[in-house]
Amino acid sequence: MESELYRLFYPRGIAVVGASKNPSKIGHIVLKNILDGGYKGRVYPVNPTAESVLGLPCYPSVSSINGEVDVVIVSVPADKTIEVAEDVGRAGAQFLVVLSSGFKEVGNKELEERLVQVARKNGMRVLGPNIFGYVYTPAKLNASFGPPNLLPGKIAFITQSGALGIALMGYSIVEEIGVSSVVSVGNKADIDDADLLSFFLNDPNTQAVIMYIEGISDGRKFLDIASEFSARKPIITIKAGRTEFGAKAAASHTGSLSSGPILWEGVLRQVGALQVKDVQTAFDYARIFERNIKLPGPNVLVITNGGGAGVQATDTLAERGIRLSEPPKDYVDYLRTFLPPYASTRNPVDITGGASDEYYYLALRKALEHEEIHSILVLYCQTMTTNPMKTAEAIIKAVQETDIKKPVVAGFVGGPESKEAISYLSRAGIPAYPTPERAAEALSAIYLYSKRRSVVETRLAYLKTLYGKSQRLVETKIIGEK
């Protein structure tokens, strides 16, 4: 069944109201991003005072367009948006994407409510207002004033902060993290987080979602959809307003009411979301989940050429509930056939500081083949006698030659050469990080998600048995009205 938001992400035609010849204007930037991104549908600039913009003929209004328009991007002053919405309603568009600010976030709640009323009267949904737009890479659609040329991938990003969202679009490019979508929700006057999760739940192009949340207006709706989503795909949340001071700041930003930190912690845990405190950790987790890694068994093996790096990783894993067990005896016996006698064959396996790339290949290849080893953390410390890129190539070779797919995460510590090797590994589909701690924490996210998903699945199955399809009522009883 086609999602209610299908034509938002796969529009047949887009109109940009407020398209401008001035390159510094938002209406110009959005139009240029749509054209430069490779979007294949029809594009219509709307500006009653211009004949053309960026080589396309302008229209005085959306209703004057002789063509199918599903999405209308609105970049005009707030007091002009009602007039635009009425005109768009006559044109029969399905979605109104309102970039304009000057609504609830500055106390003008009545104007925002009027905008939604007009849209609903005409059968439209509203994304925004107070947003930078949205991106959907499978449709080559960048209807935003954020950076162009995002890398296609499997991570969707939903953000209530415009400036932070734009910055993170740039961050994803620098970190070479592919995205399926970036959606700015702003004031969430109509389309909200739950609506978007409902679309991404069945979107084959999205493997996980990162959410920056300042507040939720319909808690029960969010509980329903988020629980269903995390039972199938990971949700990584950056929850703003974790403290009472932060909650007040969130209210002044988008007009959101951010519930108390303790309540939010419980809600996010109940729906199975992975809550992080910073964007770096969120994207570290995203890199892990982008490749649709199968949830592993409990035994983690650490391979390292530096004892200190191994200790740091071991502590990080232990702090997140993962205890390293001793390697299988036959694996240890195998390591002894090529490692020097002073190497440690416990867990972490320390193949010594002078280890060649061949040692990494042999140790990893056998670990991937061993049925009692379920995931592997490979750590490398750059030395004068080793080459980061050759080590990365050895890791990739071992993974590509093995039919059995297990989570393999790398941590490379060193200079520019190690940074280059990290990028090389990531492009090859092996999540890689610049410290052992970040690599270990990212690997632990798989195990944390596995536990939370299992709890959510069990709870949903139990509730379905008790109440059939009346899940929303049950969720209300569990979480309580606040």
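Strand S15 (residues 300-304) is largely enclosed by the rest of the structure, because five of its five residues are buried. Buried denotes under 20% relative accessible area, exposed over 50%, and partly exposed in between (1.4 Å probe, protein chains only). Helices (H or I, at least four residues) and strands (E, at least two) are DSSP runs, numbered from the N terminus. The model is predicted: local features need pLDDT of at least 70, side-chain atom pairs count only at pLDDT 80 or more, and totals for chains, interfaces and linings use all residues. Residues are numbered from 1 along each chain as its sequence is written, and side-chain values use heavy atoms, with hydrogens and water left out.

Both faces of S15 are covered. Val300, Val302 and Thr304 are buried on one side, Leu301 and Ile303 on the other. S15 runs parallel to strand S17 (residues 375-381), joined by five bridges. Strands count as paired if DSSP finds at least two bridges between them. S15 also pairs with strand S16 (residues 349-350), again in the parallel sense, over two bridges. Thr304 takes part in both pairings: its bridge partner in S17 is Leu379, and in S16 it stands opposite Asp350.

Helix H4 (residues 109-121) has 13 residues, which should span 18 Å at 1.5 Å a residue; its end C-alpha atoms are 18 Å apart, which agrees. The expected span is 1.5 Å times one less than the number of residues. Leu111, Glu112, Leu115, Val116, Val118 and Ala119 of H4 are buried. Viewed down the helix axis, these buried residues fall within an arc of 160 degrees, so they line one face of H4. The arc is taken over the directions from the helix axis to the C-beta atoms. Glu110, Arg120 and Lys121 are exposed on the other side. The cover over the buried residues includes helix H3 (81-91), strand S6 (95-98) and strand S7 (125-127). Just after H4, Gly123 takes a positive phi of about 70 degrees.

The largest nonpolar core holds 52 residues; Phe9, Ile73, Tyr134, Leu197 and Phe200 touch the most other members. Such a core is a set of buried Ala, Val, Leu, Ile, Met, Phe, Trp, Tyr and Cys residues joined through side-chain atoms within 4.5 Å. Helix H6 (residues 193-201) supplies the largest share of this core, six residues. Not counting residues up to four places away in sequence, Phe200 touches Phe9, Ala156, Ile158, Ser181, Val183, Thr206, Val209, Phe229 and Lys233. Contact here means heavy atoms within 4.5 Å. Another core, of 41 residues, lies apart from the largest one; Phe157, Leu274, Ile288 and Tyr433 are among its members.
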